[in-house]
Amino acid sequence: MGNLYKLTIFRYDPDSNKTSTSKYEVEVTESHWTLLDVFKYIKNNLDDTLTFRYSCGQGICGSCAVTVNGKSILACETQMKFLDSFDLVIEPLRGFPVIRDLVVDHSLLDEKVRRVMPWLVCKKDPESDKERFQSVDDRAKLDGLYECIICGSCVAACPTFWKNKTFLGPQALLYACRFMLDSRDEGKNERFEILADKDGIYGCHTIFNCMEVCPKELNPGKAILELRKMFMNEEF
Amino acid sequence: MKDPKVLTEKVVDVPLRNIHKHDVVIIGTGLAGLWAAIKCKSAGLDTACMTKLSMPQRSHSTAAQGGIAASLGSLEEDYWEWHMFDTVKGSDFLADQDAAEILTRDAITIVREYEHMGAPFSRTPDGLIAQRKFGGHVKDFGRGGPVLRACYAADRTGHVLLHTLWQKALELGVRFYTEMFAISLISDGPKCAGVVTWDTKNGGLHAFKAKATLIATGGYGRAWKITATSYSYTADGQYMALRAGVPLEDMEFFQFHPTGLFDRGILMTEGCRGEGGYLINDLGERFMKNYAPEKMELAPRDIVSRAITSEIEAGRGINGGPYIYLDIRHLGAEIINTRLPQIREISIKFAGVDPIHEPIPIVPTAHYSMGGIPTDVDGRVLFDGKSQIFSGLYAAGECACVSVHGANRLGCNSTLDASVFGRRCGLTIVKDFANLEHLPLEEDSAKMAKEEIEFIWNQKGSIRPEEIRNELQTGMQNYVAVFREEKGLLKMISIIEDMHKKMKEMLISDKSLAYNTTLMEAMELRHLIAAAEAVTYGALNRTESRGAQARRDYPKRDDENWLKHTLYFRDESGFRFDYKDVRLTRFVPEERKY
């Protein structure tokens, strides 16, 4: 005997432009089943029109983020037994345009991150036959920033983003911070032109939902504060 | 942008609505695809890159953990010749040595270019790129001990390499098309005009006209039940090439990684053993001493995978079960947290095991496709598998077979292969470009793609695709895995024949145009079956044991008859084999001992 889960899943059919919900009951007998396993079970056995996105199945690619009982999570790495309820309301990531059912438009994430010049700015080519020096301490500054898998969980959990769609959002700002703190980067002035306004680092209301939901335990809120501190001290 | 007419009964009469034109079109945005894109775009070519996933960063390259091999020689003595020898010996002497030489020479440049683009490699106390030990990488032409050769960023090396390339491609202005599923090449004999794709978001077909088309779509690990690869690893590129008349090379060589998390198969990087982790059976012994007494846990993957499988079969799995332990507790919390943080995270999330306090249950897992689309050393696809160039068509990365891995790939040589030959392929396209042209699109350019969609769309059967997928994965796991023998392989062939019939009786009730993943998965299943068929026939045909192909009924390597590559041709009338010699330059084949 397993546990019986009752799922209410948000549906959107773009062909007819209609929203609805579907209810499914799934008995989970395998103790290690994840939410993605349950989605796949529904698709393969109950309703093959249920649409969701996934790829790696191991919490690395960031494709499968959804909202479960109000909180954004990665479906592939969340085991059913760790969810705190047998009644699950499942929606797409909040604040994102929905393509179909649980699938949201990820190009929004792409658009935001593109704006912050997410690459290492280098005025002069380094010597081609060796790597640049970077101390262990300088490299350690990137820990907690470079691991972002761009799953969108933090953006979906950000009330500021819900209100203001032009806000860069926690993900893009975290990505920006990764370069601002890189000892090899020479683009700090240019990037601050983009970051230091109300749609950038001053748009954040330090609510810290982003930190609560990040599946990689990163802290975009802290990164934003870090950026503000740099701007105050003109450390660029 | 919707084109619902594509899906009507008279599908063949419908013209393509969306035609795109670029100088270069790259299918796949993993390490190989992005490197090529960067080189093409840097040379001023109008370059487009497409992925069936929602962002380039979702590509399976991101899952690579342990590192990228390069004999930088900055931390201790090391030379590309040593690396080349290890690669050739690791391949059980089936690698083409001219290609292995390019791989290991270019490795040094590649790693430095990554660093210059901004890759956040882990560092040594001297501020240099950190390197760790890895299976099969040793000093002094196989005579010395393990060498520090794997450059890494904690255990997220693939993630940082992929993100770094994407960042560079963005800076240069490469055009990306996402959720665009490539279905068929537009070709006429050995001439490629581009590719036809399915727009996943909206439905409908698109044609991409290109002077140069690059296939960089990765492998097909999803043909097995226990696998370390993404759900997206479904042989799409290999299938497109087969249908265009290209053979597949050395498909029987499919690597099982020794340490996949029990029982899903998620990768526990070889870096665990590189850092000093042990493998332990139910008796608590480090059993590798019975299989590779000198190299122990750092023997090449084929050897370690066979050792683990043999222990489990002999009843020495943990509590007699189908897994053994990978123990890294003795490394201590600090090393685990700084060098293997993701391993810890995955163990806790998926197995409820914290490796700081408990050993990790592991089992060999389907991992890497050594075989694939045959190319020359510059990435040009070979129409006959030997010397005839397929004009305008290129392949690189895991979907291609150049061949540098031969019968078995060394750890950290896959991120390297994809990078070196992706980059080289980009440079080749730039070099060839003056002689390439846009070929005209014919009326029936999209015929093959339409057939592919229709085949699935118009089914009126009762069998769910999942049922067929399950049969495929279970069969491959049982009969075409770490060990093989004639009886099992014949059994798998009959399963495949049965699956071909069942594919014609599928039930697809989702008829929506937008984001129809049921349709997508059914197409992917078709690709997987084609790849599995090539693997199984290839394994049956090759009556010897070499690297990842371990035949119980032919336990010895047979250089006299089999020091050659397999070429598997397939069309509607059936399949046939051809062969080509292994290119030997520096090293004479010898018995492989560790």
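1. Of the 25 residues of helix α14(B), 24 are buried, so this helix is largely enclosed by the rest of the structure. The model discussed in this note is a predicted one. Helix α14 of chain B runs over residues 517–541. The N-terminal end of α14(B) is capped by Asn516(B), which places a side-chain oxygen 3.2 Å from the backbone nitrogen of Thr518(B).

2. An open sheet of 3 strands in chain B has the order β10-β21-β22, with antiparallel pairing. Its edges are formed by β10 (248–249) and β22 (574–581), each of which has a single partner strand, so one side of each is left without a neighbour in the sheet. Helix α14(B) packs on this sheet and touches β10, β21 and β22 of chain B, its direction making about 60° with that of β22(B). Within the sheet, β21 (residues 564–571) pairs with β22(B) in the antiparallel sense over 8 bridges. Asp571(B) is found opposite Gly574(B) of β22(B).

3. Val246(B) belongs to the loop between α5 (236–243) and β10 of chain B. Is this residue buried or exposed? Val246(B) counts as buried, because its relative accessibility is 1%, and the limit for a buried residue is under 20%. Apart from neighbours within four places in sequence, its contacts are Ala241(B), Ile373(B), Pro374(B), Val381(B), Leu382(B), Phe383(B) and Phe390(B). Glu524(B) is 278 residues away from Val246(B) along the chain, and 19 Å separates their C-alpha atoms.

4. An α-helix has 3.6 residues a turn, so residues three or four places apart point the same way.

5. Strand β1 (residues 18–27) of chain B runs parallel to β2(B), and 4 bridges join the two. Val24(B) has Thr47(B) as its bridge partner in β2(B). Both faces of β2(B) are covered: Thr47(B) and Cys49(B) are buried on one side, and Ala48(B) and Met50(B) are buried on the other.

6. The loop between β2 (47–50) and β3 (68–69) of chain B contains His60(B). An unreviewed UniProt entry annotates His60(B) as "modified residue: Tele-8alpha-FAD histidine". His60(B) has a relative accessible area of 15% and is therefore buried. Leaving aside neighbours within four places in sequence, His60(B) is in contact with Ala228(B), Thr229(B), Ser230(B) and Tyr233(B).

7. Chain A has 9 helices and 7 strands. Its C-alpha atoms fill a box of roughly 60 × 35 × 30 Å along the principal axes. Of the 236 residues in chain A, 59% are buried. Among the contacts in chain A with a separation of 6 or more, 63% involve residues 24 or more positions apart.

Methods: Residues numbered from 1 in each chain as written. Chains lettered and ligands numbered in written order. Predicted model: local features only at pLDDT ≥ 70, side-chain atom pairs only at ≥ 80, totals over all residues. Heavy atoms only, no water. UniProt positions renumbered as here; feature names shortened; annotations may be inferred. Buried < 20%, exposed > 50% of the residue type's maximum accessible area, 1.4 Å probe, protein only. Contact = heavy atoms within 4.5 Å. Pairing = 2+ DSSP bridges. Axes fitted to C-alpha atoms, helices over the stretch in contact; angles between N-to-C directions. Polar contact = N/O pair within 3.5 Å; in protein donor to acceptor, adjacent residues only side chain to side chain.
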